[in-house]
Amino acid sequence: MKKQSITPYISACVGAGALVLGITGALILHAGSVKNEPDCDFIIVLGHRDRDGRFGPTMDERIARASAYLRSHPHTQALLSGGNGEAQYMLQSLISDGIEPDRLITENQATSTWQNLKFSFPLMEDTVSKRVGILSSEFHLFRAKMYLKNQEISLISAKTQDFPRWLHNFCREIAGVWHYIFLGGTYD
């Protein structure tokens, strides 16, 4: 009896896995590469903390992008979402940067992307007739959009300035997308 090699099966599994990861990565890159700047009535700015619990460059990049967006869209309100001091940090930073406080709303309970979005929408006035955008790091927009299913929402990308930090977060996002898929698209 001839012994069959397992090598082709291993190669096929590795190839299929690489294809799935490659497609996921391409979707993340595509969502984060938005070039246009949508005109929104509300933007939800997603908070971020580093692993050590501090506010770092990723949060500062999102704040800088939010500030630039709000300056170029004077009618837009921003909902700053993030618990553990994230919303308050964004609020103080944007006010220090000259953004009017009456344009800023805080949501300070969320500790995850899912909660950012779940807790933010009820705080915005009449979102059914308003144009809403999500502002986050480019590596994070695809998963945030996934949580909203098929809702009409614009994406606003905050560019990550440091490649090693971008690469680390990009890989984490691939895992986050598949975590969401394996849970069946729900967190409630």
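Is Ser 67 buried or exposed? Ser 67 is buried, at a relative accessible area of 2%; here buried means under 20% relative accessible area, exposed means over 50%, and partly exposed lies in between (1.4 Å probe, protein chains only). Before the views, a word on the model: it is predicted, so local features need pLDDT of at least 70 and side-chain atom pairs count only at pLDDT 80 or more, while totals for chains, interfaces and linings use all residues. Residues are numbered from 1 along each chain as its sequence is written, and side-chain values use heavy atoms, with hydrogens and water left out.

**View 1. The whole chain, to get your bearings.** Welcome to a chain with six helices and five strands, where helices (H or I, at least four residues) and strands (E, at least two) are DSSP runs numbered from the N terminus. Along the principal axes, the C-alpha atoms fill a box of roughly 80 × 35 × 30 Å. Of the 188 residues, 44% count as buried. Among contacts (heavy atoms within 4.5 Å) between residues at least 6 apart in sequence, 74% join residues at least 24 apart.

**View 2. Ser 67 and its surroundings.** Look for Ser 67 in helix H2. Setting aside neighbours within four places in sequence, Ser 67 is in contact with Leu 94, Asp 97 and Ile 99. One of these, Asp 97, returns in the next view.

**View 3. A salt bridge between Asp 97 and Arg 71.** A salt bridge is a side-chain nitrogen of Lys or Arg within 4 Å of a carboxyl oxygen of Asp or Glu. Side chains of opposite charge can pair when their charged atoms come close. Here, Asp 97 pairs with Arg 71, and their closest N and O atoms are 3.2 Å apart. This pair links distant parts of the chain, 26 residues apart: Asp 97 sits in the loop between helix H3 (86-96) and S3, and Arg 71 in helix H2 (residues 57-72). Asp 97 is partly exposed at 37% relative accessibility, and Arg 71 is partly exposed at 46%.

**View 4. Glu 100 beside Arg 103.** These two side chains meet in a salt bridge of 3.0 Å, N to O. Glu 100 is partly exposed at 37% relative accessibility, whereas Arg 103 is buried at 9%.

**View 5. Arg 143 joined to Glu 173.** In this salt bridge, the closest N and O atoms are 2.8 Å apart. The partners are 30 residues apart and link distant parts of the chain, with Arg 143 in helix H5 and Glu 173 in helix H6 (residues 163-182). Arg 143 is buried, with a relative accessible area of 14%, and Glu 173 is buried too, at 5%. Elsewhere, salt bridges that share partners join Asp 39, Asp 41 and Arg 131 into one network. The structure holds seven salt bridges.

**View 6. Helix H4 and its cover.** Within helix H4 (residues 113-120), the buried residues are Thr 113, Trp 114, Asn 116, Leu 117 and Ser 120. Seen down the axis of H4, they fall within an arc of 165 degrees, so they line one face of the helix; the arc is that of the directions from the helix axis to the C-beta atoms. Their cover includes strands S1 (42-46), S2 (77-81), S3 (104-107) and S4 (132-137), along with helix H5 (141-147).
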